[in-house]
Amino acid sequence: MTVEASTRLNDVDIDAVGGLVAAVGADPAKGQTTWAAHVAWKGAFASEARVRKFAPIPSDEPPALGGADTAPNPVEQLLAALGNCLAVGYAANATIAGIRINDLRIDVKGDLDLHVFLGLTQGHAGFESITATVSIDADASQEQLDELHTKVLSSSPVGHTLRTAVPVDITLA
């Protein structure tokens, strides 16, 4: 089942999404985008990120890691970014498929060994594993939900970034 381009489902502006799909389809260069964040240190382990025109996004560490616990830390924000990206993917793809979402919840967690971060050993400082559990209540059959899930996993920018080695260039100015 598909949805007419002039309707809204799951509170998604289908016209806007359809317009973007058409524009990128007609001119592939429009699909090449750059996103940015600007981070400023605020003292101790606190910092804030500025993204576009939005209020700053604070970051801090919990007391056990020497912070004041005023905000989520960077690894928690990374997990949240994955969950948020998946939520967008479910909303967009369900809407295109004509599936009404009644409730969507995504629980994301990751296992991290602090030995490298704390300078006690050398090696991989990042997550050893990340798991996400998706709970979705939707007006769809299990087969439709399985197809939706597969589509979301195959198109999640944050999911792909985390699962694939991505070149990261960090320079000191």
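Predicted model: local features only at pLDDT ≥ 70, side-chain atom pairs only at ≥ 80, totals over all residues.
A contact here means heavy atoms within 4.5 Å.

## Overall architecture

The chain has four helices and seven strands. Read from the N terminus, its elements follow the order β-β-α-β-β-β-α-β-β-α-α. Along the principal axes, the C-alpha atoms of the protein chain occupy a box of roughly 55 × 35 × 30 Å. The protein chain comprises 173 residues, of which 20% are buried. When contacts between residues at least 6 apart in sequence are considered, 45% join residues at least 24 apart.

The mean pLDDT of the protein chain is 94, and 96% of its residues reach 70 or more. Residues 1–5, by contrast, have a pLDDT below 50; beyond near neighbours in sequence, this stretch has 13 contacts in the model.

## Helix α3

Helix α3 spans residues 142–155, a run of 14 residues. From its first C-alpha to its last it reaches 20 Å, close to the 20 Å expected at 1.5 Å a residue. Its buried residues are L145, L148 and V152. Viewed down the axis of α3, these buried residues fall within an arc of 60°, so they line one face of the helix. The cover over the buried residues of α3 includes α2 (74–97) and β7 (127–138). On the other side of α3, E143 and T150 are exposed.

K151 also belongs to helix α3. Its relative accessible area is 47%, which lies between the 20% and 50% limits, so K151 is classed as partly exposed. Although K151 and P167 are separated by 16 residues in sequence, their C-alpha atoms lie 25 Å apart in space.

## The largest pocket

The largest pocket contains about 1,700 Å³ of space. Its lining consists of 37 residues, and those that lie nearest its centre are W35, A81, C85, P157 and V158. The elements that give two or more residues to this lining are α1 (14–26), β4, β5, α2, α3 and α4 (157–163). Among the contributors, α2 gives the most to the lining, with eleven residues.

S47 is placed in strand β4. Leaving aside neighbours within four places in sequence, S47 is in contact with V39, A40, W41 and K42, and also with I57, P58 and S59. I57 is ten residues from S47 along the chain, and the C-alpha atoms of the two are separated by 8.4 Å.

The loop between β4 (46–50) and β5 (57–59) holds R52. Phi of R52 is near 45°, a positive value in a residue other than glycine. R52 has a relative accessible area of 63%, and because this is over 50% the residue counts as exposed. F54 is found in the loop between β4 and β5 as well. With a relative accessible area of 40%, F54 is partly exposed. The C-alpha atoms of F54 and D111, which are 57 residues apart along the chain, are separated by 30 Å.

A positive phi is also found in N10, where the value is near 60° and the residue is again other than glycine. N10 lies in the loop between β1 (8–9) and β2 (12–13).

## Selected C-alpha separations

The pairs discussed above are collected here.

| Residue pair | Separation in sequence | C-alpha separation |
|---|---|---|
| S47 and I57 | ten residues | 8.4 Å |
| K151 and P167 | 16 residues | 25 Å |
| F54 and D111 | 57 residues | 30 Å |

Technical notes: Residues numbered from 1 in each chain as written. Heavy atoms only, no water. Expected span 1.5 Å × (residues − 1). Buried < 20%, exposed > 50% of the residue type's maximum accessible area, 1.4 Å probe, protein only. Arc of directions from axis to C-beta. pLDDT = per-residue confidence, 0-100. 1 Å grid on protein atoms, 1.4 Å probe; cavity = no way out; pocket = protein on both sides within 12 Å on 5 of 7 lines; lining within 4 Å. Points joined across faces, edges and corners; volume = space filled by probe spheres on them.
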